[in-house]
Amino acid sequence: MLRPLSRVFASVHTQSLCSACPGWTMMEPKLYRAPAEVRGMTSLDKEAFAQTITVPALRVPTRVLNKVVKSLKKSTIQRPGVPRVVQDPEESGDFRLVLLDPHRVSSLDSFSEAEAEALRSFSVAEELQEYDLNLTYDNLKSEEVLEAVLPRGQDVTSGFSRVGHIAHMNLRDHQLPYRNLIGQVIMDKNPGVTCVVNKTNTIDSTYRNFKMEVLAGEENMVAKVKENGMTYEFDFSRVYWNSRLSTEHQRVVQLAKRGDTVFDVFAGVGPFAVPAARSGANVLANDLNPESYRWLQHNCKLNKVDSKVRTFNLDGRAFIQGPVKQELPALLKGTARVHVVMNLPALALEFLDAFKGLLQQEPPCDENLPTVHCYGFSKDDNPDKDVVERASRSLGFPLEHRCSVHFVRNVAPNKDMMCVSFTLPKEVLFSSEDPEQTALNTWAMSPAHANNGLRFP
């Protein structure tokens, strides 16, 4: 149904819509107001969201329709599945209706000078109309659906991490009764998402995976993702992957040049190792998780770098005191740089003690000592200072003024992920102290263990 809204426009741009038509009032701030009966819904009923709303519209001759739509692109309605141009039920085929966003166009004054001038030049001048627009569930955004369903005053989340076809959510306790509905909405509103999961516990520090519940869709956990030009495949339920780290992966990989050697102590499925090998570095990559190790090998083959990557399924400390120890002496005599990446932020700083006394005979110079990039979480008010102090304590050597600290991301309120990079001091690498005893001493002195009453036998 159409109703005339005003009969002045062509020559008087400054006259208000309300004065031209006293019965017209400003539109509500929200275009869609959900029916009250959807509040508290736990099983999705799409039909319950249907509603008819009123929006302003312009009657436009078809001969200038495309030009008008282009001129009004900032003022036309923008809704999922809602056309900006509809048939005019009261005119012949010579006219169409251009639907306008009531948030932007609540009166004739709402048009910019450029828009008004364009409309005058195209002879779109007679009247602004009211148009009854039928909105359905398909026309709503996920935020609108969830805001209508969840109890008033509670947080509404539609955010998730995308891992291939999987949407990964971290729902709060008050959202759990609605979790299946939330999962269905997320899947409906995000093309390509065919599975929605919710994390049900914290990340396991040993294998870096977590338990999850499928909220909607298929239970296929094998994802395929692209990052920085590489392709990765893995079982998301059994390995660790975080799409938010793509920039950090790229930052560190760019430090390794052709001919360099990269030791990836906690390699996961290969987000550091694979692109480093593609750039021409020689890579030794390790992960304790058997599933990560399997997918690491798979991704090396998938990206055709398996000849440049040697893979290991060892504990991080065993990898350092085994393959790294074996390879380092020859590498230190060369000119190519050596990088050690330790991306296990929950524990990696504690593994630095494995480098103490790793080698016995010092090289003739210390120009080619390895560069270590070690990650850690910090809840300290000064996270830079915190990770440097913890790294120094683990090494048994002061790193202040000998390292750089890079902020990676905020992972939770008052919890930051940091990366401390430094040249491995020769005083550490060639220490005469027994490395196993050093590891025990460092572990015992660390705050995480010194206060729990535990002692070594």
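**Notes on the predicted model**

1. Leaving aside neighbours within four places in sequence, Leu99 is in contact with Val55, Pro56, Ala57, Thr76, Ile77, Pro83, Arg84, Val86, Tyr131 and Leu133, where contact means heavy atoms within 4.5 Å. Leu99 lies in strand S4, and its relative accessible area of 0% makes it buried (buried means under 20% relative accessible area, exposed over 50%, and partly exposed in between, with a 1.4 Å probe and protein chains only). Between Leu99 and Val86 the C-alpha to C-alpha distance is 7.6 Å, at a sequence separation of 13 residues.

2. This is a predicted model, in which local features need pLDDT of at least 70 and side-chain atom pairs count only at pLDDT 80 or more, whereas totals for chains, interfaces and linings use all residues. Residues are numbered from 1 along each chain as its sequence is written, and side-chain values use heavy atoms, with hydrogens and water left out.

3. Taken as a whole, the protein has 13 helices and 18 strands, these being DSSP runs numbered from the N terminus (helices are H or I of at least four residues, strands E of at least two). Of its 457 residues, 49% are buried. Among contacts between residues at least 6 apart in sequence, 69% join residues at least 24 apart. The accessible surface, from the Shrake-Rupley method with a 1.4 Å probe, comes to about 22400 Å², and carbon and sulfur atoms account for 48% of that area.

4. Asp101 sits in the loop between S4 and H3, and deserves a comment of its own. Asp101 is buried yet has no salt bridge, and the nearest side chain of opposite charge, Arg104, is 4.3 Å away; a salt bridge requires a side-chain nitrogen of Lys or Arg within 4 Å of a carboxyl oxygen of Asp or Glu. Not counting residues up to four places away in sequence, Asp101 touches Ser75, Thr76 and Ile77.

5. Arg104, which is placed in the loop between S4 and helix H3 (113-121), also belongs to a positive surface patch together with Lys70, Lys73 and Lys74. Charged patches consist of residues with over 30% relative accessible area and no salt bridge, like charges being joined within 9 Å. A negative patch is formed by Asp380, Asp381, Glu389 and Glu400. Of these, Asp380 lies in the loop between strand S16 (371-378) and helix H10 (383-395), and is partly exposed at 39% relative accessible area.

6. Where does Asn286 lie, and is it buried or exposed? Asn286 is found in strand S13 (residues 282-286), and with 0% relative accessibility it is buried. Beyond residues up to four places away in sequence, its contacts include Asp264, Val265, Phe266, Ala267 and Gly268, as well as Phe312, Asn313, Leu314, Asp315, Gly316 and Phe319.

7. Helix H4 (residues 142-149) is mostly covered, six of its eight residues being buried, namely Ser142, Glu144, Val145, Leu146, Ala148 and Val149. Helix H5 (179-189) is included in what covers these buried residues.

8. Glu91 occupies the loop between strand S3 (85-87) and strand S4 (95-99), where it is partly exposed, with a relative accessible area of 37%. Glu91 and Arg59 are 32 residues apart in sequence, and their C-alpha atoms are 9.2 Å apart in space.

How values were computed: Patch = residues over 30% accessible without salt bridge, like charges linked within 9 Å, V, L, I, M, F, W, Y side chains within 5 Å. Lys, Arg positive; Asp, Glu negative; His and termini not counted. Charge placed at Lys NZ, Arg CZ, Asp CG, Glu CD.
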